[in-house]
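Please read them with the structure open.

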Amino acid sequence: LEEPDKKRVWELRAIAGKSIAQMTHCRRCRADAVGLLCHDRSHELGPVLQACSRIEPPKSDVGPRVAVVSREDMLINQHLGEAREFSIWTKDIHGVHVLEKRKAPSSGCGPKRWEDLVAVLADCKGLLVEAAGDTPRRVLGENGIAVHECSGFIRDAVDGFFEGRDMSCFKARKKGVGGGCCGAGDGC
């Protein structure tokens with residue numbers, strides 16, 4: 001508060017103090033006040049409050065995670081090789097939700113890219129993609145990250161993953177036979 005505002009607060013406290021006892025011994029909007037209105041114990045218990053303020057809250061374990069590749073964060077509709085980022089999902093008492101986004105390793109690095117991806121997704125139990133090649137599947141699988149080819153709504157597939165459903169029910173339908181990935185989102 002600016003100085004004129006502080007003065008006005010004290011004036012209002014004085015007026016209100018005629019009807020209701022005011023806490024005036026607090027220096028920080030009563031955040032560190034201890035005791036009763038008529039018995040200030042801030043000096044006595046201040047060191048305890050300071051020690052408590054330095055205690056780190058316990059880190060909560062958000063549970064298992066699954067990485068998802070998507071073009072627009074609604075559908076699983078992107079090939080692993082095209083991924084620039086991964087959405088990391090979890091499931092807790094509030095349902096499935098995104099925890100964070102993580103950048104993909106640079107493309108064009110050959111097998112090293114997939115080893116780098118293992119480090120990026122090390123805390124994930126699975127990866128949901130529209131399609132993935134044999135090398136990334138093998139490298140990720142050897143490191144405990146199951147690659148599932150899926151299509152459809154992310155929430156449905158993530159929920160199915162955490163419920164332990166057979167992920168083949170989310171398998172992408174192939175649109176034909178032929179060449180490699182064209183990047184058009186039509187299936188590879």
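**Notes on the fold and its packing**

1. Read along the sequence, the chain follows the pattern α-β-β-α-β-β-β-β-α-β-α-β-β-α. That makes five helices and nine strands. Helices (H or I, at least four residues) and strands (E, at least two) are DSSP runs, numbered from the N terminus.

2. On the source: this is a predicted model, in which local features need pLDDT of at least 70 and side-chain atom pairs count only at pLDDT 80 or more, while totals for chains, interfaces and linings use all residues. Residues are numbered from 1 along each chain as its sequence is written, and side-chain values use heavy atoms, with hydrogens and water left out.

3. An open sheet of five strands runs in the order β6-β5-β3-β7-β8, with mixed pairing. Two strands are taken to pair if DSSP finds at least two bridges between them. β6 and β8 (146–149) stand at the edges with a single partner strand each, so one side of each has no neighbour in the sheet. From one strand to the next, the twist averages 25°; strand axes are lines fitted to C-alpha atoms, and angles run from 0 to 180 degrees between N-to-C directions.

4. β5 and β6 (residues 95–103) pair in the antiparallel sense over eight bridges, and a hairpin of two residues joins them. Within this pairing, Thr90 has His97 as its bridge partner in β6, and Phe86 has Arg102.

5. β3 and β5 also run antiparallel, joined by four bridges. Here the bridge partner of Arg65 in β5 is Thr90. Thr90 therefore has a bridge partner to cite in β6 as well, namely His97. At the other end of the strand order, β7 and β8 pair in the parallel sense over four bridges, with Gly126 bridged to Ala146 in β8.

6. Buried residues make up 31% of the 188 residues in the chain. Buried means under 20% relative accessible area, exposed over 50%, and partly exposed in between (1.4 Å probe, protein chains only). Among contacts between residues at least 6 apart in sequence, 43% join residues at least 24 apart; a contact means heavy atoms within 4.5 Å.

7. In soluble globular proteins, nonpolar side chains tend to be buried together. The largest nonpolar core in this chain has 19 residues, and those with the most contacts inside it are Leu80, Phe86, Leu121, Leu127 and Leu140. A nonpolar core is a set of buried Ala, Val, Leu, Ile, Met, Phe, Trp, Tyr and Cys residues joined through side-chain atoms within 4.5 Å. β5 (85–92), α3 (111–120), β7 (126–129) and α4 (134–142) each supply at least two residues of this core. The largest share, three residues, comes from α3.

8. What does Leu127 touch, not counting residues up to four places away in sequence? Its contacts are Val66, Ala67, Val68, Val69, Leu80, Phe86, Leu121, Leu140, Ile145, Ala146, Val147 and His148.

9. Leu121 is found in the loop between α3 and β7. Is this residue, Leu121, buried or exposed? Leu121 counts as buried because its relative accessibility is 0%. Leaving aside neighbours within four places, Leu121 is in contact with Ala67, Phe86, Ile88, Arg102, Leu127 and Ile145. Leu121 and Arg65 are 56 residues apart in sequence and 9.1 Å apart in space, C-alpha to C-alpha.

10. In helix α5 (residues 154–162), Ile154, Ala157, Val158, Gly160, Phe161 and Phe162 are buried. Phe161 has a relative accessible area of 15%, which means that it is buried. After α5 comes Gly164, with a positive phi near 75°.

11. The count of aromatic pairs is one. Phe161 and Phe162 form this pair, which is edge-to-face at 5.5 Å centre to centre and 75° between the planes. Rings of Phe, Tyr and Trp (its six-membered ring) pair if their centres lie within 6.5 Å; planes under 30 degrees apart count as stacked, over 60 as edge-to-face and the rest as tilted.

12. Asp73 lies in the loop between β3 (65–68) and β4 (75–76). Asp73 has a positive phi of about 65° although it is not a glycine. With 43% relative accessibility, Asp73 counts as partly exposed.
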